[in-house]
Amino acid sequence: MASSETTWTDSVDEAVNNVFEPVASFLGDIVFYTVNIFGTDFPLIVGWLVVAGLVFSAYFGLAQVRHLKVAYRLVRGKYDQKDAPGEVNHFQALTSAVSGTVGLGNIAGVAIAISIGGPGATFWMILCGLLGMATKFVECTLGVKYREFNADGTVNGGPMLYLRKGLAERGKAGLGKVLAIGAAASLLFFTFFGGNLFQVNQSLEQVVSVTGGQDDSIFATSGGAIFFGLVLAGLVALVLIGGMKSIGAVTSRLVPSMAIIYVIACLLVITFNITEVPSALGTIFTEAFQPEGVAGGVIGALIVGFQRAAFSNEAGIGSAPIAHSAVKTKRPATEGLVAMLEPFIDTVIICTMTALTIVIAGGPLYQQTRDAAIKGEEFDTGTGAGISITSDAFDTALPWFPYVLTVAVVLFAFSTVITWGYYGLKCWGYLFGYSKTGELVYKVLFSIIIVTGALLSLGTLVSLADSTLFMAALFNILGLYFLAPVVRKELRKVLNYVRRRDAGESEEEIEAAEAAEEAQEASLRKA
């Protein structure tokens with residue numbers, strides 16, 4: 001921005017940061033509390049998420065592997081029921097949730113992980129993604145199980161409902177209320193300043209970089225930034241007004257297109273450097289256990305990989321069940337199985353493609369970070385380190401790709417903002433009541449933050465938002481442990497349903513058999 005226009009925005013930035021910095025520091029110290037493991041500080045919240053993935057993977061017998069074929073069939077619509085309650089089909093629910101996780105974390109976050117933890121961090125990201133599939137299965141099954149329907153047919157769902165209702169069923173109503181309010185409040189705060197402000201701010205930065213930079217780009221001025229924010233706010237408002245059906249319609253087209261374009265670009269870079277593929281794969285695997293120049297060694301690489309994967313796919317946070325709860329289904333675990341694909345797409349596929357592209361292309365910035373790490377030195381690539389390293393890797397084979405990357409970044413940001421806008425609306429409704437007036441107030445606030453996100457960085461607020469996002473995991477996962485038996489029962493129902501459908505039984509026959517089984521179980525409980 002021009003110096004005459006920078007002063008007031010910087011002043012506002014500084015004032016806001018001064019107010020919230022003590023809160024952000026206090027909360028960050030709690031949420032990201034670390035313990036020393038083999039000389040390396042390990043954030044307990046990362047362990048909390050990873051342990052949950054391990055426990056649920058074991059408890060459900062590696063459902064993310066055994067039932068992947070069923071999940072794929074469900075997404076394709078093989079078991080869809082036209083008369084099932086809900087707003088969107090399985091595919092639309094999946095793409096809506098994926099649009100909230102696939103974004104700048106897959107482009108910039110992966111580069112940050114590699115620059116800090118070395119190529120070996122990629123291996124641990126993949127492992128964390130696979131474990132996260134089990135956690136997503138549990139929370140999204142519960143999201144559908146305990147959802148509520150409004151008079152107009154729209155759906156309310158998410159951790160605030162299944163924590164309150166599910167734990168009440170198990171005799172822990174007081175705990176359920178506390179966890180539900182904590183999860184809703186945490187997700188709402190992140191909605192405004194992480195899922196909204198951060199995405200807008202970073203997408204504008206990429207637009208500025210390809211349209212002349214800070215000195216020449218019209219978007220580097222306050223007027224240009226306001227215009228960018230207003231346009232984005234208007235587009236987001238149009239989609240949010242349409243509700244979940246509108247969001248599902250947009251994301252079901254936008255997300256697959258973005259993912260395909262991005263993966264194709266990665267494959268092009270890999271193809272141009274095809275002879276480097278075996279060496280790159282070997283480097284990723286070898287440095288997962290013998291990292292070169294990474295502070296903390298194997299533990300350091302593991303921490304970075306797990307942390308970036310957790311940030312990326314949000315398994316255990318409780319956000320995705322809000323979108324998945326709107327699915328059209330009579331059997332909650334069907335959507336739980338579909339939700340397993342989310343971390344697979346986000347982390348195992350897209351993040352891995354980014355990592356391979358960076359390692360194989362070996363761009364100048366990546367090489368400089370590697371050289372500095374091997375020497376035990378820190379290399380500062382600036383505030384845009386992640387985007388710069390990724391863009392640099394593409395530039396080695398596709399000099400024109402930064403422009404395509406800009407389009408991808410803006411679209412990723414747009415889809416993320418509308419999805420988090422929906423998440424926040426449901427949290428807002430739970431905390432302040434579901435009403436037309438309350439909904440209007442929320443949407444006005446959300447739109448205002450979109451515009452301010454284009455003007456201000458508010459770095460401290462974003463740090464605070466990260467803390468609140470992972471605080472939601474504390475509330476959510478604790479409840480998931482208590483409710484895991486409910487999910488196991490729902491899984492048995494779905495697997496029996498799939499078996500009967502594949503055997504040729506009709507919907508009517510299956511529903512009659514299920515009703516008879518439930519009646520028998522009820523009579524046994526009374527006895």
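Colleague: What is the volume of the largest cavity, and what makes a space a cavity?

Modeller: The volume of the largest cavity is about 70 Å³, and a cavity is a set of points, on a 1 Å grid over the protein atoms alone, where a 1.4 Å probe fits but cannot get out. The volume is the space filled by probe spheres set on those points, which are joined across faces, edges and corners. This is a predicted model, in which local features need pLDDT of at least 70, side-chain atom pairs count only at pLDDT 80 or more, and totals for chains, interfaces and linings use all residues. Residues are numbered from 1 along each chain as its sequence is written, and side-chain values use heavy atoms, with hydrogens and water left out.

Colleague: Which element gives the most to the lining of the largest cavity?

Modeller: That is α7, with 4 residues, where a lining residue has an atom within 4 Å of a point. Among the residues lining the largest cavity are Cys128, Leu131 and Asn313.

Colleague: Why is Ser217 called buried?

Modeller: Buried means under 20% relative accessible area (1.4 Å probe, protein chains only), and Ser217 has 4%, so the word applies. Ser217 is found in the loop between α11 (213-216) and α12 (222-241).

Colleague: What makes the pair of Ser217 and Thr211 a polar contact?

Modeller: A polar contact is a pair of N or O atoms within 3.5 Å; within protein, one must be able to donate a hydrogen and the other to accept it, and residues adjacent in sequence count only if both atoms are side-chain atoms. The side chains of Ser217 and Thr211 are joined at 2.6 Å, and therefore meet that limit.

Notes:
Helix = DSSP H or I, 4+ residues; strand = E, 2+ residues; numbered from the N terminus. Buried < 20%, exposed > 50% of the residue type's maximum accessible area, 1.4 Å probe, protein only. 1 Å grid on protein atoms, 1.4 Å probe; cavity = no way out; pocket = protein on both sides within 12 Å on 5 of 7 lines; lining within 4 Å.
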